[in-house]
Structure formats: structure tokens, C-alpha cells
Amino acid sequence: MTNLLPRRHFLRTSCSIGGAIALPSLAQSPARYPTRPITLVVPFPPGGAVDNAARAISDRLGKVLGQAVVIDNKGGAGGSIGSTFVARAAPDGYTLVVTSQTTHVVNPAVSPNLPYDALNDFAPITLIERLANVVLINPSLPVKNFGAFVNYAKANPGKLNYASSGNGSVAHLSMELLKAKLGLFITHIPYRGAGAALNDLMSGQVQLTWNNLTSNLNMIQNGKLRALAVASPLRAPQLPDVPTFDELKLPDLNITSWTGLAAPAKTPEPIIAQLYDAMRTVLQDPETQEAWRKRGAIVPENVKPAEYRREIQQRIQFYRDIAKANKIVLD
């Protein structure tokens, strides 16, 4: 207490003598954050990869910040409804969104009339996880590895169908790039969501798809689906016998998906910095890292807000080029 009293006296004296200097700096000091629960918007229904990522971090992030992080699922229109809601929310740090390749990369690449701007309407914070993608086939297909699959597809042009979660989805664009690289004729069958696509894949109505590992790991391990290739920096520990696209000499396809965290644009930088630091604390926790491993997710490298923005921008252009080459445009 002996040190505090002189300081208070000094502040009162400073304000009375040089109020024109001292008062503006005090007025600009950010209030303590957070002082109430934070809403974490998931722009998809419960149960998918993006929702799973949100539920994996919400309690952990809330403990670090000292306030509850409450999930609010606002699905619809390929993630556009929830993303637009956050883009228009108050930039005070109390409404955040789980970003994904769909909402912040693919939608901007293929939808000219998107109701939000993926780069200018949000303040990126950092990545939550990277997700290895896998090429999956129905086990009844008479191939055991990727090379045999390519040979079979070339010998049977037009016989195979691949499923996606919809026109303009990550699976659609990625499979079209794969077909172009290898000269394959495989028919695209779009579905309204990954769940319906996977159901028809397992029943044999379609023969293959492209999807993230976390959503399909149990089905692969149970033999309901077979993985032929993985888009990941290294082989997935859960699938040690499945090669990466780098190993298959297809480096352009070796791109992981991700989920991330963002706030509305113009959120004060001190709040963004606090959220970034909190997420780093969450992701560096050994329990978090073990939970990610069990889910088949990859703990991301240290991605700062500016780096995350650059990655979004680069990937938008990457998928925009694929969409242009294949004349894929969504209204």
C-alpha cells in the first residue's frame, strides 16, 4: 500500500496540471476483456468437422480467458448465414466465428455474390487445427492402393462416380484438380452435405470421395471405407501405410484443410492479441495435443493473425484458378 498512495497522488497531480495530455491516453486504454461470456458461432449444423473443432476448444479457451465460450450453431447456405452474422456483429470480441476452408476460401473462390467478404469483413486470429484430407473409396472397388486405383479408373473411363458435399465444395474442387492432373474421367455426384455423400459411398452408390480424416477415421479403421492417399505434411500416424500426395508425385494436392478463429473486422488489436495468446496457450497444452491426435487432427504451427490472413488470400486464389479452369461458378 505504501507504493500505491504516492502513485495515485502523482496521477491526480498529472491530470490537474497536464490534463490535455493525460486524459486522452487514459480514455484510449482498452477496458478489461472479457467481462462476460463469448459467443462462438459455428456456421454449420452440429456434428461436422467445424462443429467438432469448436466443441474441442470452447471449454479450454473459456478457462484461459476466464469467461464461458458458448457455441451457437448457425448453419445454412454453405456456411454463409453464420459467417455473415459474425461479419455484421459488433467488433467487441464477444462474437467470434470458427472459420473453415469452405467459408473463407472456397465460397469466395466460386461465389461472386457472397454476402460477406472473407478478407475484409473479418479479423483473423489464428488456426485451431489443420486437417489431413484423404481420398476414400468403397472397399468393394477392386483396388488396394492409389496406383491401382489410377490404373482402374483409366481402364474404365466414366464408370466411376465420386461424391462431394455439394457443387463448389472443397471435395468438388480438389477432385477436379486430381482428375485434371491424372487425366481421369470420373463423374461428379454432388450431395447436400458430407453426411449424405458418405452414406452413399458406404452403400456403394458412389465409389469414392475426398474428405477430411477426422470425420472418417473410425469408418476407415472399421473397414467401412478405404483410404488411398492423404493430403498432409507427413503420413497420418493413424494411417501409417497410406502415402501422402508428395510421395505420389502430386504435390499440388498435398494441401491440408483447416479450421480457424476470427472476429469481426475492426475488433481492437489488443483483443485480437489476447485471443491469439489464449489460443496459443490452449494449443500448447499436452492434453489438447493428445486430444487432437486422437481425433486425427494436426496441431497447427504458430500462425499469427497476419500470416493467417495471407494464407486465406493465397488459398482463395488457388481454388479460384481451379474453379476457372473447370468453369465452376455458383450464384
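**Pockets, sheet and confidence**

Reply: Let's take the second largest pocket to begin. At least two residues of its lining come from each of α10 (286-295) and β11. Keep in mind that the model is predicted.

Me: Which element gives the most to that lining?

Reply: α10 does, with three residues.

Me: How much space is in the second largest pocket?

Reply: About 220 Å³. Its lining has 16 residues, and S232, R235, P237, A297 and I298 are the closest to the centre.

Me: How does the lining of the second largest pocket divide into nonpolar, polar and charged?

Reply: 10 nonpolar, four polar and two charged.

Me: OK, now the largest pocket. How much space there?

Reply: About 1100 Å³. The lining takes in 48 residues. Nearest the centre of the largest pocket are F44, T102, S165, G193 and A194.

Me: Which elements give two or more residues to the lining of the largest pocket?

Reply: Four helices are on the list: α2 (49-65), α4 (101-110), α6 (170-182) and α7 (194-203). The strands are β6 (161-164), β8 (208-212) and β10.

Me: And by class, what does the lining of the largest pocket have?

Reply: 27 polar residues, 19 nonpolar and two charged.

Me: Switching to the sheet. What's the strand order?

Reply: β2-β1-β3-β10-β4-β11. The six strands form an open sheet, and the pairing is mixed.

Me: How many bridges join β4 to β10?

Reply: Eight. β4 covers residues 122-131 and β10 covers residues 257-264, and the two run antiparallel. Within that pair, T126 stands opposite L261 in β10.

Me: Which strands does helix α9 touch?

Reply: β3 (95-100), β4 and β10. Helix α9 (residues 269-284) packs on the sheet, and its direction makes about 10° with that of β4.

Me: Last topic, confidence. What pLDDT does the chain average?

Reply: The average is 89, and 90% of the residues score at least 70.

Me: Where is the pLDDT below 50?

Reply: Over residues 1-29. Beyond near neighbours in sequence, that stretch has four contacts in the model.

Technical notes. Residues numbered from 1 in each chain as written. Predicted model: local features only at pLDDT ≥ 70, side-chain atom pairs only at ≥ 80, totals over all residues. Heavy atoms only, no water. Pairing = 2+ DSSP bridges. Contact = heavy atoms within 4.5 Å. Axes fitted to C-alpha atoms, helices over the stretch in contact; angles between N-to-C directions. pLDDT = per-residue confidence, 0-100. 1 Å grid on protein atoms, 1.4 Å probe; cavity = no way out; pocket = protein on both sides within 12 Å on 5 of 7 lines; lining within 4 Å. Points joined across faces, edges and corners; volume = space filled by probe spheres on them. Nonpolar A, V, L, I, M, F, W, Y, C, P; charged D, E, K, R; others polar.
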